[in-house]
Amino acid sequence: MKETATHSLSTYLAEEGVHVEAALDRAVERIEGLVPESVAPAVAHGVLTGGKRLRPILFAAAYRAAGGQGRTAAVYDTGVGLELIHAYSLMHDDLPCMDDADLRRGRRTTHRLHGVDVTVRAGAALIPAAARQVLMGATGLGLAREASRGVAEALLDAAGASGMVGGQALDLLGEERLLSAEELDELHRHKTGALLAAACTMGALAAEAAAEVVEAFRRYGERVGLAFQVADDILDSTATAEQLGKEPSDVELGKSTYVALFGLEEARRRGRAL
Ligand code: GRG
């Protein structure tokens, strides 16, 4: 039973992933035409080199579950706005002034290949490009201007100081100090959870679902976001750099993790409960 569920999940992710990659190719081609030639290769590297593509897949799943009937290409053109923000956040998170990482998704990080200056610019260019991407995708879904704007606002709120950027600031301030459970939840609700929750909220908004349905999707996304972070911490403490495709690990960076705080078994229990 377990194997069947795992198998069907990986098949589902692979099938949805094909649509994500196609939409990202379209998005990157558009962005490459807007940024200086010197920055374009770093944009392509940061966005197109792998990743699970969870956020646009969650967006599409929420959109359909909330009754959305738009064309698949337009659904993913909208959803990859989330992935553009995610990509910039990873490119900047890996910079020497933050995690100073060599390896991401099993490959050299964007700044190690293209340089710090270019990577800062490429990441920054992705932020307005993501907002444009959502507005364009939502128009393709047939949404009126006001509804499209609502979907884009949900992304920008989740990406900004009241969401992911705020969480990253808490993370940087909390380095080398063991955070309390409340502080750790607060950090991850923003840093990782905000974008995952936004994927679900945006899907329901794009499907023009009723306000209470949108709220239910938001709450679901928030729990998925925290569960995701607990799982990420468990992997961080149990897998090798090679298996993770990431170096340095959070433990090596001296960051607080759910495993450091609760131990492996309790972290697993909390992840399952979420
Ligand atoms: C300077 C304060 C300040 C903010 C800048 C850099 C930044 C904004 C935010 C960083 C946010 C960050 C790195 C969040 C990490 C979230 C996370 C768990 C990433 C891993 O996600 P996966 O597993 O990655 O979905 P893949 O590789 O599958 O795409």
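A polar side-chain atom of Arg 105 lies 2.8 Å from an oxygen atom of the ligand, in a model that is predicted, where local features need pLDDT of at least 70, side-chain atom pairs count only at pLDDT 80 or more, and totals for chains, interfaces and linings use all residues. Residues are numbered from 1 along each chain as its sequence is written, and side-chain values use heavy atoms, with hydrogens and water left out.

Taken alone, the ligand exposes 760 Å², of which the protein buries 86% (accessible areas by the Shrake-Rupley method with a 1.4 Å probe). The ligand is surrounded by 19 residues (each with a heavy atom within 4 Å of it), and helix H4 gives the most to this shell, with 6 residues (helices being DSSP runs, H or I, of at least four residues, and strands, E, of at least two, numbered from the N terminus).

| Side chain | Distance to a ligand oxygen atom |
|---|---|
| Lys 52 | 2.6 Å |
| Arg 55 | 2.8 Å |

Arg 104, in strand E1 (residues 103-104), is buried, with a relative accessible area of 18% (buried means under 20%, exposed over 50%, partly exposed in between, with a 1.4 Å probe and protein chains only). The side chains of Arg 104 and Asp 94 are joined by a polar contact of 2.8 Å (a pair of N or O atoms within 3.5 Å; within protein, one must be able to donate a hydrogen and the other to accept it, and residues adjacent in sequence count only if both atoms are side-chain atoms).

In helix H7 (residues 145-159), the buried residues include Val 151 and Leu 155, whereas Arg 145, Glu 146 and Asp 157 are exposed on the other side.

Conventions. Expected span 1.5 Å × (residues − 1).
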